[in-house]
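Have the sequence and the coordinates open side by side. The walk below starts with charged pairs, moves to the core, and ends at a pocket.

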Amino acid sequence: MDAEQPLHGQLKHCRKLKNKRLGLRIVFTEAEENIEVIATGKRSDKEVYENAINRLKSDE
């Protein structure tokens, strides 16, 4: 896994971990001592990011 990176736009409060070799992404949020995984999946067509946005909207 590569280093975690901040996201932007509708996911600006989230961060991502990625595995370039496999094309996998993990979108997550951090709060004090907790990490909440929002979405996991392949980057193709940015599907993982769309899933993360939809999941966050459903939690509101």
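A salt bridge is a side-chain nitrogen of Lys or Arg within 4 Å of a carboxyl oxygen of Asp or Glu. This is a predicted model, in which local features need pLDDT of at least 70 and side-chain atom pairs count only at pLDDT 80 or more, while totals for chains, interfaces and linings use all residues. Residues are numbered from 1 along each chain as its sequence is written, and side-chain values use heavy atoms, with hydrogens and water left out.

The structure holds 2 salt bridges. Take Glu4 and Arg15: their side chains meet in a salt bridge at 2.5 Å, N to O. This pair links distant parts of the chain, 11 residues apart. Glu4 sits in the segment before β1 (5-6), and Arg15 in strand β2 (residues 15-19). Helices (H or I, at least four residues) and strands (E, at least two) are DSSP runs, numbered from the N terminus.

Arg15 also meets Glu30 in a salt bridge, at 3.8 Å, N to O. Here strand β2, with Arg15, is linked to strand β3, with Glu30, and the two residues are 15 apart. Through shared partners, Glu4, Arg15 and Glu30 form one network.

How exposed are these partners? Buried means under 20% relative accessible area, exposed over 50%, and partly exposed in between (1.4 Å probe, protein chains only). Glu4 has 34% and is therefore partly exposed. Arg15 has 25%, so Arg15 is partly exposed. Glu30 reaches 47% and also counts as partly exposed.

Now step to Thr29, in strand β3 (residues 24-31). Thr29 has a relative accessible area of 14%, so Thr29 is buried. Contact means heavy atoms within 4.5 Å. Leaving aside neighbours within four places in sequence, Thr29 is in contact with His13, Cys14, Asn34, Ile35, Glu36 and Ile38.

Cys14 and Ile38 lead on to the largest nonpolar core, for they belong to its 10 residues. A nonpolar core is a set of buried Ala, Val, Leu, Ile, Met, Phe, Trp, Tyr and Cys residues joined through side-chain atoms within 4.5 Å. Helix α1 gives the most, with 4 residues. Ala52 touches Leu11, Val27, Ile38 and Ala39, not counting residues up to four places away in sequence.

Stay on helix α1 and look at Ile53. Which residues does Ile53 touch, not counting those up to four places away in sequence? They are Gln10 and Leu11. Ile53 and Leu11 are 42 residues apart in sequence, yet 6.8 Å apart in space, C-alpha to C-alpha. Asn54 is also in helix α1. Asn54 and His13 are 41 residues apart in sequence and 15 Å apart in space, C-alpha to C-alpha. Asn54 has a relative accessible area of 48%, so Asn54 is partly exposed.

Ile53 also lines the largest pocket, together with Leu7, His8, Gly9, Gln10, Leu11, Lys16, Arg43, Lys46 and Tyr49. A pocket is found on a 1 Å grid over the protein atoms alone: an open set of points where a 1.4 Å probe fits, with protein on both sides within 12 Å along at least five of seven lines; lining residues have an atom within 4 Å of a point. The volume of the largest pocket is about 210 Å³, where a volume is the space filled by probe spheres set on the points, with grid points joined across faces, edges and corners.
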